[in-house]
Amino acid sequence: MTSVTLAPTAPETAAGPETHLVRRYVPAQQVIHWIGVISFFLLLLTGVALLFPPLSFLAKGGTSGVIHRIGAIAFILLPALYLLRMPRKALELVRESFTYGREELAWFKHMPGYFLGSTRNLPPQGRLNAGQKLHHAATFLMFNTVTLSGLIMWFGKGQLGPEGLSAVVIVHDISMLGLSVMMIGHVYFTFLYGALSGMVTGKVSEEYARMEHSKWYESLQAETPAAAEKTEARPAE
Amino acid sequence: MPTRYAFSIDLDRCIGCQACVISCQAGNELKDDETYIHVGEQIRGSGKTLWGSFDHHRCFHCADAPCVAACPTGTLSKWNGLTIVEKEKCSACGYCTDACPFKVPHIVDNHVSKCVACLDQVKEGQAPWCARTCPSQAIHFGERETILAEARAKVAALKARHPNAQIYGETQLGGLGLLMILLDKPEVYGLPLDPKAPETMKVWQSVVQPASSGLSVLAAGAMGLMFVFARRQHGKERAEHERAAKQKAALQTAQPKATETHHD
């Protein structure tokens with residue numbers, strides 16, 4: 001299932017006749033990402049029903065609570081699944097997300113421009129740019145706080161008391177606020193820089209790779225020097 | 001000003017017969033294993049020092065009810081001093097079970113289970129089932145001022161036999177909607193002296209909750225607006241990039257002679 005496939009070098013998709021694609025994610029990573037997407041939105045929707053009074057009718061009867069727990073199980077097991085299926089990639093992702101060098105710091109200086117659609121002055125970035133690293137690191141931390149507070153609410157119901165309940169809900173709400181804002185940013189950048197195909201097909205356009213992750217793109221090129229025009233697939237992350 | 005109703009329970013008159021429990025179950029059509037009222041007993045000492053009293057564990061109908069504050073669906077709300085329940089709205093989240101300082105609400109069959117103040121009866125001018133049924137007239141229901149005055153008179157009369165006799169619930173949590181006439185100090189009955197909704201609960205309700213939904217909507221809105229601008233900006237840049245790439249390719253295939261190559 002994780003076998004590496006060659007990206008087509010011929011014209012493909014609507015992106016234009018000269019668009020070449022490079023593989024960025026292996027299918028197993030895509031599957032894990034989709035489980036994450038579905039469970040996250042299930043949790044968000046069923047959670048918002050208890051947060052935003054006009055939507056509270058969605059929570060009637062307790063079905064949303066059951067869905068919330070099913071979503072939670074999938075969400076919580078996600079890192080374990082990643083770690084079991086691809087231990088090296090998972091650990092590398094964590095390690096990379098918490099390693100920041102001079103290039104990352106330089107990238108952060110140009111972050112406002114990156115937010116507004118400009119990649120012009122960005123220092124060359126590897127497979128993950130500094131913003132993605134920070135996004136992953138923050139997600140990693142808030143995944144833990146939202147999971148821990150959620151489990152306490154789930155299994156401690158009736159034993160928390162007013163203080164315990166409010167403290168745990170505050171942590172849960174703030175973690176989810178953080179994760180939601182980051183999800184919004186994640187979607188924003190995906191559409192801004194046209195990277196949606198990475199999630200759907202596992203491949204991204206050569207142009208995207210060149211503009212956003214030039215170091216990674218170069219390393220892909222270096223691996224296949226024989227085919228200068230061709231871009232051979234190499235799993236990322 | 002709206003009426004403020006209240007119950008009173010006189011533990012001096014209570015004979016522990018459980019009639020209130022049964023009439024409550026029957027009147028509210030509860031299942032056998034569900035009950036809004038628990039009548040227990042407190043026994044102390046032996047022989048000549050033997051002391052005993054029944055006690056009632058049920059909703060106190062707090063004026064500033066933490067369960068109402070915590071309830072995210074509006075299932076629990078205040079009506080004329082009573083904490084009423086609209087079961088069909090309940091999501092069974094269980095926040096009320098933790099928020100209540102008296103540990104009264106429970107989740108039964110996916111909905112909250114606690115005294116509903118027999119709202120239908122009260123709206124028709126009747127007293128709740130427990131008050132109507134009590135054979136020793138230990139449970140009273142009516143306007144809180146009347147009920148409170150009655151309770152004060154009763155406690156004054158009790159002082160001779162029970163020097164520690166007192167009303168529980170006169171001021172706690174904005175004044176409880178159930179005044180308990182105790183024969184001894186509240187701690188003897190396991191009642192908290194100063195039940196409170198903690199500060200963290202106010203932070204949750206009035207800061208964190210509105211901020212969470214507000215800020216995420218704000219972030220989505222801001223990024224949506226920004227997207228329009230940023231997408232245009234990036235489009236220009238991509239066109240530039242493409243042109244440069246084409247130029248480079250053309251140069252490579254045609255003449256390898258020196259011409260300026262454009263770098264980003």
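**Note on a predicted two-chain model**

1. Leaving aside neighbours within four places in sequence, B:A65 is in contact with B:K78 and B:T83. The model discussed here is predicted. B:A65 lies in the loop that runs between strand 3 (51-57) and helix 2 (66-70) of chain B.

2. The next point concerns a hairpin in chain B. Strand 4 (residues 76-79) and strand 5 (residues 82-85) of chain B run antiparallel and are joined by four bridges. Within this pair, B:L76 has B:V85 of strand 5 as its bridge partner. Two residues lie between the strands of the hairpin, and B:N80 takes a positive phi near 45 degrees there.

3. Chain B also holds an open sheet of four strands. The order of the strands is 8-1-10-9, and the pairing is mixed. Strand 8 and strand 9 (166-168) of chain B are the edge strands; each has a single partner strand, so one side of each has no neighbour in the sheet. Direction ignored, neighbouring strands of this sheet are turned by 25 degrees against each other on average. For the reader new to the subject, strands of a sheet pair through backbone hydrogen bonds, in either a parallel or an antiparallel manner.

4. Strand 1 of this sheet shows both kinds of pairing. With strand 8 (residues 139-143) of chain B, strand 1 of chain B pairs in the antiparallel sense over five bridges. Here B:A6 has B:G142 as its bridge partner, and B:F7 stands opposite B:F141. With strand 10 (residues 178-182) of chain B, strand 1 of chain B pairs in the parallel sense over four bridges. In that pairing the bridge partner of B:I9 is B:M180.

5. How many of the six residues of strand 1 (residues 5-10) of chain B are buried? Six of the six are buried, so strand 1 is largely enclosed by the rest of the structure. Both of its faces are covered: B:Y5, B:F7 and B:I9 are buried on one side, and B:A6, B:S8 and B:D10 are buried on the other. Helix 6 (residues 144-158) of chain B lies across strand 1, strand 8, strand 9 and strand 10 of chain B. This helix runs at about 135 degrees to strand 8 of chain B.

6. At the level of the whole chain, chain B is divided into domain 1 (5-197) and domain 2 (198-264). Taken over C-alpha atoms, the centres of domain 1 and domain 2 of chain B are separated by 60 Å.

7. Chain A has ten helices and two strands. From the N terminus on, its elements follow the order β-α-α-α-α-α-α-α-α-β-α-α. Of the 237 residues in chain A, buried residues make up 31%. Among contacts in chain A between residues at least 6 apart in sequence, 65% join residues at least 24 apart.

8. Two packed helices are described by the angle between their axes and by the distance between those axes. In chain A, helix 6 (residues 130-156) and helix 7 (residues 161-192) pack at an angle of about 145 degrees, with axes 8 Å apart. The crossing of helix 6 and helix 7 of chain A is left-handed. The contact includes A:H135, A:A138 and A:M142 of helix 6 of chain A, and A:V168, A:V171 and A:H172 are among the residues of helix 7 of chain A that take part. By class, this contact of helix 6 with helix 7 of chain A has ten nonpolar, nine polar and no charged residues.

9. The last point is the contact between the two chains, which takes 43 residues from chain A and 42 residues from chain B. On the side of chain A that touches chain B, helix 1 (27-51), helix 2 (63-85), helix 7 and helix 9 (206-212) of chain A each supply at least two residues. Which helix provides the largest share of this side of chain A? Helix 7 of chain A does, with 20 residues. By class, the residues of chain A on this side divide into 23 nonpolar, 14 polar and six charged.

Technical notes. Residues numbered from 1 in each chain as written. Chains lettered and ligands numbered in written order. Predicted model: local features only at pLDDT ≥ 70, side-chain atom pairs only at ≥ 80, totals over all residues. Domains from an automatic or database assignment. Axes fitted to C-alpha atoms, helices over the stretch in contact; angles between N-to-C directions. Left-handed = near helix turned anticlockwise from the far one by under 90°. Contact = placed C-beta atoms within 7 Å. Nonpolar A, V, L, I, M, F, W, Y, C, P; charged D, E, K, R; others polar. Buried ≥ 20, exposed ≤ 12 C-beta atoms within 10 Å, placed from the backbone. Pairing = 2+ DSSP bridges.
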